[in-house]
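Dear colleague,

I am passing the structure below on to you, together with notes on what came out of going through it. Please read the notes with the coordinates open beside them.

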Amino acid sequence: MVTAIILISICVFVVMMCLLLLYCIAPNTGRKSQMTVFEEKYIAHRGLFDNRSSAPENSIPAFKKAVENGYGIELDVQLTSDHQLVVFHDETLKRMCGVERILHKCTFSELQLYTLAESEEKIPLFEDVLKIIDGKVPLIVEVKSEGDWKETTKVMAEMMDDYQGVYCMESFHPFAVEWFRKNRPNIIRGQLSTNYFKDEIKRKWYERFVLTNLMLNFKSKPDFIAYNHLWRNQWGYRLCRKFFDVENVAWTIKNSDELRKAEEVFQIIIFDSFIPDRRIK
């Protein structure tokens, strides 16, 4: 009798833990139809760029090329120390500008002292990039978590209030996505993630576990999951796809073979490093 009670208790506990996990990872699935416009075009990662040319990543020429070739655009925004919203990916300027400085500790004027990669291009203001895109192609805006992520999120949202084109936001920071859920509920929002262990991202082990397995979805309720396609079989993400009819975004596809495999799982494709054929859906 005691053994039976113990077994029943264990089963109840396991069931409760499974239900709790599903509750934690559950996204919002009620707005998939609004993502169709992003499915219709491949999305150019940081514009249609080549860091060895005059059109480096997240530059005005790269965005112009993406628009001219009919690709959607994904880009990254951060705030400078003087509260200017710029388009740039890394926390530091080392990789793209060759100097050991942290972007969010620089003023915009200071950033204009440096050029991007092997070009003469400078780090652009987000408002200038929006003038180039001008609603011509779908836009995915990633809010970077470096610096004051909450202020970055707020400034970006306010700037986009008057934007006439189709756009959505995404972030690795679940609370930035949650901010949009609470303050701009009509805007499509996405949770960016990856396998934080295999990508060796520096965080506490439990933070890596929670973020890898999307366990804060219950707070942010993302409309889509943008996941590193290399780790698409990560168990937390697989459970999310299996139990919920979620919209899936692949980042970042770098050749035709990766593209072919990714399209078996993902509805939206973000690419760089090659030129895919135009998408027909």
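Leu 214 counts as buried because its relative accessibility is 2%, where buried stands for under 20% relative accessible area, exposed for over 50% and partly exposed for what lies in between, with a 1.4 Å probe and protein chains only. Leu 214 sits in the loop between helix H9 (205-212) and helix H10 (217-220), helices (H or I, at least four residues) and strands (E, at least two) being DSSP runs numbered from the N terminus. Its phi is near 60°, a positive value in a residue other than glycine.

Before going further, please note that this is a predicted model, in which local features need pLDDT of at least 70 and side-chain atom pairs count only at pLDDT 80 or more, while totals for chains, interfaces and linings use all residues. Residues are numbered from 1 along each chain as its sequence is written, and side-chain values use heavy atoms, with hydrogens and water left out.

Two further backbone points deserve a look. Ala 117, in the loop between helix H5 (108-111) and H6, has a positive phi of about 55° although it is not a glycine, and with 31% relative accessibility Ala 117 counts as partly exposed. The peptide bond from Trp 251 to Thr 252 is cis, with omega near -20°, and Thr 252 belongs to strand E8 (residues 247-253).

Strand E8 also contains Glu 247, which is buried, with a relative accessible area of 1%. Leaving aside residues up to four places away in sequence, Glu 247 touches Lys 32, Met 35, Glu 39, Asp 223, Phe 224, Ile 225, Gln 267 and Ile 268, contact being taken as heavy atoms within 4.5 Å.

E8 is joined to E7 by five bridges, and the two strands run parallel, with Tyr 227 opposite Ala 250 in E8; two strands are said to pair if DSSP finds at least two bridges between them. E6 and E7 also pair in the parallel sense, over four bridges, and here Gly 190 stands opposite Phe 224 in E7. Why is strand E7 (residues 224-228) described as largely enclosed by the rest of the structure? The reason is that five of the five residues of E7 are buried: Phe 224, Ala 226 and Asn 228 point one way, and Ile 225 and Tyr 227 the other way. In a regular strand the side chains alternate between the two faces of the sheet.

Strand E2 (residues 72-79) is likewise largely enclosed by the rest of the structure, because eight of its eight residues are buried. Gly 72, Glu 74, Asp 76 and Gln 78 are on one side of E2, and Ile 73, Leu 75, Val 77 and Leu 79 are on the other, so that both faces are covered. Strand E1 (residues 43-45) runs parallel to E2 and is joined to it by three bridges, with Ala 44 opposite Ile 73.

Turning to the helices, H6 (residues 126-133) and H7 (residues 149-160) pack at an angle of about 35°, with their axes 11 Å apart; axes are lines fitted to C-alpha atoms, for helices over the stretch in contact, and angles run from 0 to 180 degrees between N-to-C directions. The contact is made by Phe 126, Glu 127 and Leu 130 of H6 and by Met 156, Met 159 and Met 160 of H7. In helix H8 (residues 174-183), Pro 174, Ala 176, Val 177, Glu 178, Trp 179 and Phe 180 are buried, and what covers them includes H7, strand E5 (167-171), strand E6 (189-193), H9 and H10.

Finally, the cysteines: a search of the whole structure finds zero disulfides, a disulfide being a pair of cysteine sulfur atoms within 2.5 Å. The sulfur of Cys 97 is 9.2 Å from the closest cysteine sulfur, in Cys 106, which is too far for a bond, and that of Cys 240 is 12 Å from its closest, in Cys 24, again too far. Both residues count as buried, Cys 97 at 15% relative accessibility and Cys 240 at 0%.

With best regards
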